[in-house]
Amino acid sequence: MQFPSFKDNPVAAYGATAVITLVLLALPFAAGTQGNGWVRIIDFALLYVMLALGLNIVVGYAGLLDLGYVAFYAVGAYLYALLSSPQLSENFEFIRQMFPNGLHNSIWLVVPLGAGLAALFGALLGAPTLRLRGDYLAIVTLGFGEIVRIFLNNLNSPINITNGPQGITNIDPIEIAGVSLGKTQTFFDIEVPSVYLYYYLFLILAIIIIIITIRLQDSRLGRAWMAIREDEIAAKAMGINTRNVKLLAFAMGASFGGVAGAMFASFQGFVSPESFTLMESVVIVSMVVLGGMGHVPGVILGAILLYAIPEVLRYVAKPAQLAIFGQELIAPEALRMLLFGLSMVLIMLYRPAGLWPARQHGTAADTDADADADDRASREAKPAATGAGQP
C-alpha cells in the first residue's frame with residue numbers, strides 16, 4: 001500500500017494530508033457521541049502507539065528481543081507521579097518545608113526528566129546484555145522488567161517512596177499555558193471534555209515520535225541498527241561500533257516508553273505496580289511483531305488493532321451473545337483474551353512478516369524499478385556512444 005508522495009504528486013499528497021488531519025481532529029467528537037468511554041479507548045491506543053514505536057527501535061530496527069520494556073513505562077509513570085503528587089511531601093519533612101504547597105511540577109520539566117531517566121535505565125539494561133542474543137537476551141530483559149515491578153511494589157519500607165502495592169494517588173493532571181487537561185474546558189462556546197484534551201496531546205506526541213522514528217530509520221544510526229539486526233559479525237567487520245549502537249537503541253527506545261509512562265500517570269491520576277506486569281510487555285512485543293517489525297506504519301496498525309479491538313469487545317461481546325444466543329455463554333474478558341490469542345496464531349500462520357511488513361529488497365516492485373532505471377541509463381548512453389564514434 002503506497003501513499004502519494006509530495007515529490008511525485010504534491011496535490012494528491014497535500015489533499016490526503018488535509019483529509020487525514022480533519023479526520024483526526026474530528027475523531028474524538030465522532031466517537032464521543034457513543035460515550036466518553038470510546039474516546040478513552042482511543043487515548044490509550046495512542047499511548048500504546050508510542051510504546052510500540054519505542055520498542056520497535058529495539059526489536060524492529062536493532063533486532064534485540066526485549067521482554068522487559070514495560071519497566072521503562074513504569075519509570076516514566078512513577079517519576080511523574082512522585083513529582084506531581086503529595087506522596088513525597090507527605091513522607092519527607094524536608095520536602096514539605098521546601099514545598100509547603102506540595103510538588104506541582106510543570107510538564108516541560110517532568111516529561112523530559114521521565115524520558116531521560118528511562119533512557120538511563122535503558123542504557124543500564126543494555127550494558128550487561130551486549131554479548132547476549134536470542135533466548136538469553138529475552139530472559140535477562142524479562143528479569144529486568146520483573147525486578148523493576150517488584151522493586152516498586154516493595155519500596156514502601158523502611159522509607160515509603162512508592163507507597164508499595166497501594167500505589168500513588170492524587171496525581172496532578174497536565175496543565176499547559178494555564179489550561180488544565182484534567183477538567184472540561186470551553187473553547188469558542190464548545191465544551192471539550194478532559195478525555196478529548198488528552199487525545200489531542202497524545203496525538204501530538206505520537207506524531208512527534210513517528211517523525212523521529214522515520215528520521216532515525218533513514219539515518220546513519222538507523223542503518224547501523226539494521227546492519228546489526230541482519231548480521232552483527234558483518235556489521236562489526238565493517239567498522240560499526242556495535243556496543244555503542246546497541247546502547248543507543250536501548251536508550252532511545254526506553255525514552256519513548258518514559259514519555260508514554262508520564263502521560264499514563266497524568267491521564268489516570270493513579271499508578272500502581274499492577275499496571276506494569278509482564279503481560280503488558282508481551283502485548284507491546286506482539287504489537288510490533290504482528291504489525292510488521294521495523295515498519296513504522298505496520299507497528300502503528302498493530303498497536304491500534306491489538307489494543308482497540310479487545311477493548312471494543314468489552315462493550316459488544318455481551319450484547320452480541322444475548323442477541324444471538326439469548327444468554328451470555330462466555331464472559332467478555334475470557335472472550336477478549338481468547339480472540340486475542342487466536343488472532344496472533346492466525347497472523348503468525350498466514351502473515352508471518354506481520355500485517356503490514358516493510359517492502360523487502362528483491363520484490364517485484366523493486367525489480368521493476370531497477371529495470372526502469374536500467375532502461376533509462378541505456379537510452380542515455382546510446383546518444384553518447386553514437387557521438388563518441390563520429391570523427
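Helix H1 of this predicted model bends by about 45° at alanine 26, taking the bend at a residue as the angle between axes fitted to the seven residues ending there and the seven starting there. A proline, proline 28, follows within four residues. H1 itself covers residues 10–32, 23 residues in total; helices here are DSSP runs of H or I with at least four residues, numbered from the N terminus. From first C-alpha to last, H1 reaches 34 Å, close to the 33 Å expected at 1.5 Å a residue, where the expected span is 1.5 Å times one less than the number of residues. Ala13, Pro28, Ala31 and Gly32 of H1 are buried, buried meaning under 20% relative accessible area with a 1.4 Å probe and protein chains only. The cover over these buried residues includes helix H2 (36–61) and helix H8 (194–217).

A word on bookkeeping: residues are numbered from 1 along each chain as its sequence is written, and side-chain values use heavy atoms, with hydrogens and water left out. Local features need pLDDT of at least 70 and side-chain atom pairs count only at pLDDT 80 or more, while totals for chains, interfaces and linings use all residues.

On to the second largest pocket, with a volume of about 420 Å³. A pocket, on a 1 Å grid over the protein atoms alone, is an open set of points where a 1.4 Å probe fits, with protein on both sides within 12 Å along at least five of seven lines; lining residues have an atom within 4 Å of a point. Grid points are joined across faces, edges and corners, and the volume is the space filled by probe spheres set on them. Of the 21 lining residues, Tyr48, Glu280, Tyr307, Glu311 and Arg336 are the closest to the centre. Two or more lining residues come from each of H2, helix H12 (278–291), helix H13 (296–325) and helix H14 (332–350), and H13 gives the largest share, six residues.

Then there are two residues tucked away from the surface probe. Threonine 141, in helix H7 (residues 134–154), is buried at a relative accessible area of 0%. Beyond neighbours within four places in sequence, threonine 141 is in contact (heavy atoms within 4.5 Å) with Leu65, Asp66, Leu67, Gly68 and Leu125. Serine 84 sits in the loop between helix H3 (70–83) and helix H4 (87–91) and is buried too, at 1%. Not counting residues up to four places away, serine 84 touches Leu103, Asn105, Val110, Asn170, Ile171 and Asp172.

Technical notes: Buried means under 20% relative accessible area, exposed over 50%, partly exposed in between (1.4 Å probe, protein chains only).
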